[in-house]
Amino acid sequence: MSNNGKFEPRIVAFLCNWCTYTAADTAGVSRMKQPPNVDIIRVMCTGRIDPVFVLKAFAEGADGVIISGCHPPGDCHYTNGNYKTFRRMPLVEMLLQQYGIEPGRFHWGWISGAEAPKWAELTREFTEQVRKLGPLNWKKQFASKED
Amino acid sequence: MPGNGKLKLGLYWAASCGGCEIAVVELREKLLIVDQVADIVFWPCATDFKYKDVEAYPDGYMDVCLFNGAIRTSENEHLAHLLRKKSKVLVAFGSCAYEGCIPGLANLFDRESIFRRVYLESESADNPNKVVPQTAYHMPEGEIEIPKFYNTVKTLGQVTDVDYFLPGCPPQDPQIWAVIEAIVSGNLPPKGSVVGANEKTVCDECKHVREEKKIKKFYRYHEIIADSTRCLFDQGIICAGPATRGGCGALCTKVDIPCRGCYGPPPNVVDQGASLLAAVASVVDADTEEEARRIVSEIPDPIGTFYRFSLPASLLHRARR
């Protein structure tokens, strides 16, 4: 995304159906101010988010990735899907760091269905944070013509 | 097939260690059978054909070319294109050609940092004039050239069209033999298939007993004496078995060494490292985020652990430059 050559971050957000997606929906219905940079992909549970989703988002042009679901311990609609998330994501963070992707490009956490303002604030703050980091443009890292 | 009824067979090594050549020699007396059914028309490791001989062959002259090694230099890439043109069937032979393998871990760095480390900083370097490889050098007699060292290691399939992929570091000789038999009999699977391996994971071939996995602490292999009956993963040793294609016969776990993933991802897995990462995370026995973070923070070198053989073939291909 780019207007008049100005960098507009492209952010992919994987949100759980039961908590953060509901919050995002409420934020929209309530007309809370949100930047248009965040593309939401709804999944049934954050525990369903394979690390491949995050890597593929970055590989195909995302400048930032958000994962958000139900608060642990007790909010998960499926009892313990969010446990899978918090066991998995610290390792994904370590991996991304070794790939050279700044920690500021990846956010994971919890926003319940009742926290719409928190979601709207996250989209604003995260977009600005990624904007400061600049374009990632991963495809450029792996040019077909080698130099 | 040519006049004498024999296959024309070529073998080549690009960026590799030579282990794949040894794997071919490991066919032992069966090599004599290979000799009966095939004429070797190119094999730099064992025969004296030159590049100009290959260049002189008509296109599609070789029936089969077994290409091992990753694409590290302009020479590797040139030969990949040349051998593609001269072969009817091009096989990415071994982990390097298939998915980058150990040479591919150099994708954590780039040309400049590798040259600096190797030629200037390494403890054994004696290089007072700080010479690093140049692609061209002018001498009174003229200019000489050496191949260009690329920033990024690629797989064979990333620079040219490949017919079959034969995984393994190195491929195990019964599997090589099965593939040669398939080639000789003309009984080949659809183009693009992985051959000489199974459709299931290494765990399927492993004899260790699996229980429910609950890991409070991960161990590196040298930090623990493994129980040789129980699943190594259950004991906190990271084993790539769940994220690795079978076909090797679980050779490593047979002697209590964890699988390192050389046969590449199982069918339908896009990214072997992400798959192994998910498997590792799923056994972490933590009830809070802090505890999970503490347990996984003891895993050193995540890319080297999860993508030991597959970094160039992974979704991100390399570390950021």
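In the predicted model, helix α3 of chain A passes helix α11 of chain B in a right-handed crossing. Two packed helices are described by the angle between their axes and the distance between the axes. For α3(A) and α11(B), which spans residues 289-296, the angle is about 45° and the axes lie 8 Å apart. On the side of α3(A), the contact is made by F86(A), R87(A), P90(A), L91(A) and M94(A), while α11(B) contributes E289(B), A292(B), R293(B) and V296(B). By class, six of these residues are nonpolar and three are charged, with no polar residue among them.

The contact between the two chains takes 25 residues from chain A and 26 residues from chain B. In chain A, the elements that give two or more residues to this contact are α2 and α3. The largest share of the chain A side, 11 residues, comes from α3(A). The residues on that side comprise 15 nonpolar, three polar and seven charged ones.

Helix α2(A) covers residues 51-59, of which P51(A), V54(A), L55(A), A57(A) and F58(A) are buried. Viewed down the helix axis, these buried residues fall within an arc of 160°, so they line one face of α2(A). Their cover includes elements of both chains: β3 (11-16), β5 (64-69) and α3 (81-99) of chain A, together with α10 (272-282) of chain B. Just after α2(A), G61(A) adopts a positive phi of about 120°.

Notes:
Residues are numbered from 1 along each chain as its sequence is written. Chains are lettered from A and ligands numbered from 1 in the order in which they are written. This is a predicted model: local features need pLDDT of at least 70, side-chain atom pairs count only at pLDDT 80 or more; totals for chains, interfaces and linings use all residues. A residue is buried if 20 or more other C-beta atoms lie within 10 Å of its own, exposed if 12 or fewer, and partly exposed in between; C-beta atoms are placed from the backbone. Helices (H or I, at least four residues) and strands (E, at least two) are DSSP runs, numbered from the N terminus. The arc is that of the directions from the helix axis to the C-beta atoms. Two residues are in contact if their C-beta atoms, placed from the backbone, lie within 7 Å. Ala, Val, Leu, Ile, Met, Phe, Trp, Tyr, Cys and Pro count as nonpolar, Asp, Glu, Lys and Arg as charged, and the others, Gly among them, as polar. Axes are lines fitted to C-alpha atoms, for helices over the stretch in contact, and angles run from 0 to 180 degrees between N-to-C directions. A crossing is left-handed if the near helix is turned anticlockwise from the far one by less than a right angle, and right-handed if clockwise.
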